Amino acid sequence: MKVSDILSGSTKAYPSLEIVPPMRGMTKNELLESIAPFMEFSPKYINVTSHRDEYEFKSEADGSFSRHLVRNRISETTVCAAIMERYDVEVIPHIICAGTTKEEIESKLDNLEFLGINNIVALRGDSMASEKRFSPTPGGYAYASELVEGIRKYQGSASYQRKRKSEMTSGERYFCIGVGGYPEKHFESPNIETDIANLKKKVDAGADYIITQMFFDNQAYYDFAEKCRQAGIEVPIIPGLKPISSFRQLTMLPETFSLDIPVDLTKAIEEVKDDKAAIYQVGAEWCAMQCKDLIAHGVPAVHFYTMGKSQNITEILKQCF
Ligand code: FAD
């Protein structure tokens, strides 16, 4: 079922969960067992993130450098197929522009359609560790709005329509597309208004809904949602949450995701800084409080960035849904 249909058919907020594909070496069974605790809550869908291939450079005996592909994670499509085989849940692979050509993305879409997957989240992705700024792959997309437009165009093309064997009335969209939004603005944007104008380009190109970056102060989400509406963005905006689970995240999350951690949360974590279990508890309680408040404000769904942790998320789900 498409997320757009789930959203329009829901009468109360539901949880969705995002997982990261495992590193090479983890077995399919280990992955599926790691997400088993979530299944008790009958999530409507599970998002699976996508990660670009990286390269490492090795110096050779003759003084030259050789480039080697480092593919560390199992692909999102493979993980989605494994989840579908075991569990009765929709899966949503993320598709990124980073490190991929337009043709490779079309091939990915064909593979997803083959598996019967008709939900995706379209994102730009980040620069490589070795790059200062994001640079598009030659033959690829520079922005997520171009990716959304490219996906819609590909599906409308005559060759795609000929390839499709299933019944789809002309003009109907096979993929339901989600995109990312940033309540505290994307770190490359000069200001929130410009960032929201760029977000609108993604919606105008055909995105069906927005999932936000994580935030720790709900007011940031409420202000963002209001600004989006004022800018003419009408699609659902699903808030994204992540419970803090370690002391290091107090600095790591702002650095990585360019967001603020409220003073009260910072103080509460600093007070128990030497007690790992207490930090975990403080983070989960804060996140549950955010979640309850968002639901009380009528959000359609709450998206959880699980980042491989299930215990804190399941505690929050128990309290809130
Ligand atoms: P874009 O929408 O392209 O925006 C990137 C920047 O460019 C912004 O500053 C925007 O304002 C600006 N911009 C956009 N369009 C234009 C334009 N036409 N002209 C000028 N400027 C423009 N990363 C991964 O690698 N894999 C994942 O699976 C993944 N999942 C994510 C899920 C969610 C819900 C979110 C919120 C983020 C996720 N990310 C993921 C991170 C994301 O890839 C990064 O935040 C990335 O830096 C931006 O991606 P985007 O799709 O928002 O980019």
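Helices (H or I, at least four residues) and strands (E, at least two) are DSSP runs, numbered from the N terminus. This is a predicted model, in which local features need pLDDT of at least 70 and side-chain atom pairs count only at pLDDT 80 or more, while totals for chains, interfaces and linings use all residues. Residues are numbered from 1 along each chain as its sequence is written, and side-chain values use heavy atoms, with hydrogens and water left out.

**First stop: the ligand shell**

**Second stop: backbone atoms at the ligand**

Display the backbone of Arg124, where an N or O atom lies 2.8 Å from an oxygen atom of the ligand. For a backbone N or O atom of Gly125, the distance to a ligand oxygen atom is 2.9 Å; for one of Ala144, it is 2.8 Å. Taken alone, the ligand exposes 970 Å², and the protein buries 86% of that. Accessible areas come from the Shrake-Rupley method with a 1.4 Å probe; for residues, only the protein chains shown count as cover.

Finally, select Phe65, which is placed in strand E4. Is Phe65 buried or exposed? Phe65 is exposed, with a relative accessible area of 63%; exposed means over 50%, buried under 20%, and partly exposed in between (1.4 Å probe, protein chains only).

Terms used
A polar contact is a pair of N or O atoms within 3.5 Å; within protein, one must be able to donate a hydrogen and the other to accept it, and residues adjacent in sequence count only if both atoms are side-chain atoms.
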